[in-house]
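Please read these points with the structure open beside you. Each one takes up a single feature.

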Amino acid sequence: MVTRFADSGLQHRWRLPYLWDLLRSLVDRDMKLTYKRSVLGVAWTLINPLLQLLVFAFVFQIVLPVKIPQYASYVFAGLLSWNWFQTALYQATGVIISSRSLIRQPRFPVAILPIVTVTTGLIHFMLALPILIAFLLIDGIQLTPVILFLPILQILQFAFTVSCAYFLAALNVTFRDTQHTLGVILQLFFYLTPIFYDLKAIPKEYWYIYALNPMVHIVTSYRQILMWGVPPDWMAIAIIAGFTAILWPLGYWLFKRQSRRFVEEL
Amino acid sequence: MRHAITVSNLSKGFKHYHTGKPTTFMEAMLSGLRQMQPIEQFWALQDVSFSVAPGEMLGIIGHNGAGKSTLLQLIGGVGYPDKGKIQVRGRVGALLDLGAGFHGDLTGRENVLVTAIVAGLTASEVKQRFDSIVEFAELKQFIDSPVRTYSTGMQMRLAFSVAVHTCPKVLLVDEFLSVGDLSFQAKCLQRIAELKEKGCAIVLISHSAEQIQELCDRALWLRQGQVVAYGEPEVVAGQYISEMRSQTQQRTPNRPAQLTGSGAELRINENRFGSLEIEITNVKLLPLDTIESGESLCVEIEYNAPQAIKSPIFSIAISQEDGQTCLDINTLDMQVPMTIVQGKGNLKLQIERLDLKQGNYFVDVGIYEKDWAYAYDFHWHTYLLTVNSSYSNKGILAPPMRWEINTLPVLRDLSMIN
């Protein structure tokens, strides 16, 4: 019942520097691919949220005015976080199906694949961050030391996205329409996350259901540290972290099982 | 000595699912998860045991679907055995689907960096070996062009080069040596021999008994997931070939002698072999069965298949009376698309020039099962071809040629001095 790899081979594969090199080269490849397929290249990373912002500013400042101070910063912070979540999760869901040749490589550490996708998303997030800072400064927001909590929020969102991706990518092997269904669901959740409207507009009686969406708290936490200069809601963060800590190993196990099944069923 | 690969009592099963197994959420909801359970299990590999020492090359032979590729995958650590044990020592390199991991939009350089790291090298190791990888693949000028501009041969060369430069301790090779041109194939073989010398254990899959005999130290014959024979390659390959012959003989039905449409006599198990699921009803040599050397020849096979036969292989060979083969070709190797054959039909091989020396030849014609498992109908030494020529020639070839005689100017000058 076992396949044993003795000797340096296995240890080598699990040595951290090797995994780091592998992650870097796969992320690098993903970046180059997006860059090469369009004339504007990496600029799309910035153009996409800026266009979204433009539309929201038009609709909610001119057509149906909502009273949110520093609206540009408010929406842009929400968009960056949400777009990272949405794009990475959607792409990672198809990752087993689209990486057959990698999975067929002897001893390829399959579990790295969703991590690669989410890391690529993180890099796009980081590339757009200076624009967000520019918006904050234009809106006259004072940056405070709580901004140093930013990496913690990013790590949390990263881990949460990867855990979800493990589950969904595994499910996508059995049900090939998972990715399409997810596309629709993500679009719905975009409206159930406070990206372009104010959280305070949610009536109390709906709050208990509405607050079950982890992205509500993650998006709000980004705004707390970046815009409002207050520490994030540690309670919510601890709950999401705990949830992720349970989800990750389960998803990881399922993901490995399903990717193996996928290459066996040639 | 410690073995590089030890496989003991390995079994691997696959599950068969209902053909109506839902593949989408929607279908699953509608059918209520009833058809998600497997309906039967079959064994792709059963109780397989062998070992390969460092520096040894094992050849695995068998028909399609015998479990060869499954075995290779399991050794590579893709998938797990259901029973038994596999032990592998050292880094595994694989020549499985060469070039499949390349991305057309990226340059050769970028692809090499990614593939080599995926194959198990660290970034600094790749940096050290990069030049030698490119040099071996003979792609120096093209390394910064996108891989989509490469020919298939160039992609294969690059992939092969990356794989051998990972210095594997165990190398898995699946039906290779269709890599690039002949000189590159020779280079690959030499490289594999070098790795072997350095103590790399190699497992090679092939359906060619000759290749196994030529290259391997040991051979393993798989049939429907079970080991039929394991040992000296000459012995195993011999058994494999004779099994194919006896399969054909067993399937040859008894039938009185028959005449073909053009009057040749066919006697079962003398000059005719095969199960006769497809019959060759006539073979015509056109325009005539006597030609001048260098003229064209058309071999027309008329056949009749009472029942539908899936992708049969048609083969035509021309040999001298003493048995020397001059031409031996088939539709599979030449990648002639063959689908289902049913009813009467004919197939022609048009040879533009037949540049053979004068003499008598036999044209042997056969139709085989799609994996060469046995012959449907094979007519041996039945059709005579005569080639005439205006001069005699002791070799085989008689290409168009002429002598050109020039008096050497040097000699003339010398004679003038004298």
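**Notes on the two chains**

1. Start with Leu72(B). Apart from neighbours within four places in sequence, Leu72(B) is in contact with Leu172(B), Asp174(B), Val203(B) and Ile205(B). Keep in mind that this is a predicted model. Leu72(B) sits in helix α2 of chain B. Is Leu72(B) buried or exposed? Its C-beta atom has 20 C-beta neighbours inside 10 Å, so Leu72(B) counts as buried. A residue needs 20 or more such neighbours to be called buried. Look also at Leu96(B), which lies 24 residues from Leu72(B) along the chain. The C-alpha atoms of Leu72(B) and Leu96(B) are separated by 8.9 Å.

2. Helix α2(B) covers residues 68-75 and packs on a sheet. Which strands does α2(B) touch? They are β3 (57-61), β6, β7 and β8 (218-223) of chain B. The direction of α2(B) makes about 155 degrees with that of β7(B).

3. Next, trace the sheet itself. How many strands does this open sheet have? There are 6, and their order is β5-β6-β7-β3-β8-β9 in chain B. The pairing is mixed. Strands β5 (92-95) and β9 (226-231) of chain B stand at the edges. Each has a single partner strand, so one side of each is left without a neighbour in the sheet. On average, neighbouring strands of this sheet are turned by 15 degrees against each other, direction ignored.

4. Strand β6(B) spans residues 170-174, and strand β7(B) spans residues 201-206. In which sense do β6(B) and β7(B) pair? The sense is parallel, over 5 bridges. Find Leu171(B), then look across to β7(B): Ile202(B) stands opposite.

5. Helix α8 of chain B covers residues 233-251. It lies across β3, β8 and β9 of chain B. Its course runs at about 30 degrees to β8(B).

6. Asn9(B) has phi near 45 degrees, a positive value, and is not a glycine. Asn9(B) is placed in strand β1 of chain B, residues 5-17. It has 12 C-beta neighbours inside 10 Å and therefore counts as exposed. Gln224(B) also has a positive phi, about 45 degrees, although it is not a glycine. Where is Gln224(B) found? It is in the loop between β8 and β9 of chain B. With 15 C-beta neighbours inside 10 Å, Gln224(B) counts as partly exposed.

7. There is a cis peptide bond to find as well. It runs from Leu286(B) to Pro287(B), with omega near 0 degrees. Pro287(B) is in the loop between β13 (279-286) and β14 (290-292) of chain B.

8. Some totals for chain B follow. Its secondary structure comes to 9 helices and 20 strands. Of its 418 residues, 36% are buried. Its C-alpha atoms fill a box of roughly 80 × 75 × 50 Å along the principal axes. Take the contacts between residues at least 6 apart in sequence: 72% of them join residues at least 24 apart.

9. Turn to chain A for a helix pair. Helix α4(A), residues 71-93, packs against helix α11(A), residues 214-226. The angle is about 135 degrees and the axes are 10 Å apart. Residues of α4(A) in the contact include Tyr74(A), Trp82(A) and Phe85(A). From α11(A), Met215(A), Tyr222(A) and Arg223(A) are among them. The contact residues divide into 9 nonpolar, 2 polar and 1 charged.

10. Last, see where the chains meet. In chain A, 36 residues are in contact with 38 residues of chain B. Several elements of chain A supply at least two residues each to that side: β1 (2-6), α1 (8-14), α2 (16-36), α6 (100-103) and α12 (234-264). Which element gives the largest share? It is α2(A), with 10 residues. The chain A side divides into 14 nonpolar, 8 polar and 14 charged residues.

Definitions and conventions: Residues are numbered from 1 along each chain as its sequence is written. Chains are lettered from A and ligands numbered from 1 in the order in which they are written. This is a predicted model: local features need pLDDT of at least 70, side-chain atom pairs count only at pLDDT 80 or more; totals for chains, interfaces and linings use all residues. Two residues are in contact if their C-beta atoms, placed from the backbone, lie within 7 Å. Helices (H or I, at least four residues) and strands (E, at least two) are DSSP runs, numbered from the N terminus. Ala, Val, Leu, Ile, Met, Phe, Trp, Tyr, Cys and Pro count as nonpolar, Asp, Glu, Lys and Arg as charged, and the others, Gly among them, as polar. Two strands pair if DSSP finds at least two bridges between them. Axes are lines fitted to C-alpha atoms, for helices over the stretch in contact, and angles run from 0 to 180 degrees between N-to-C directions.
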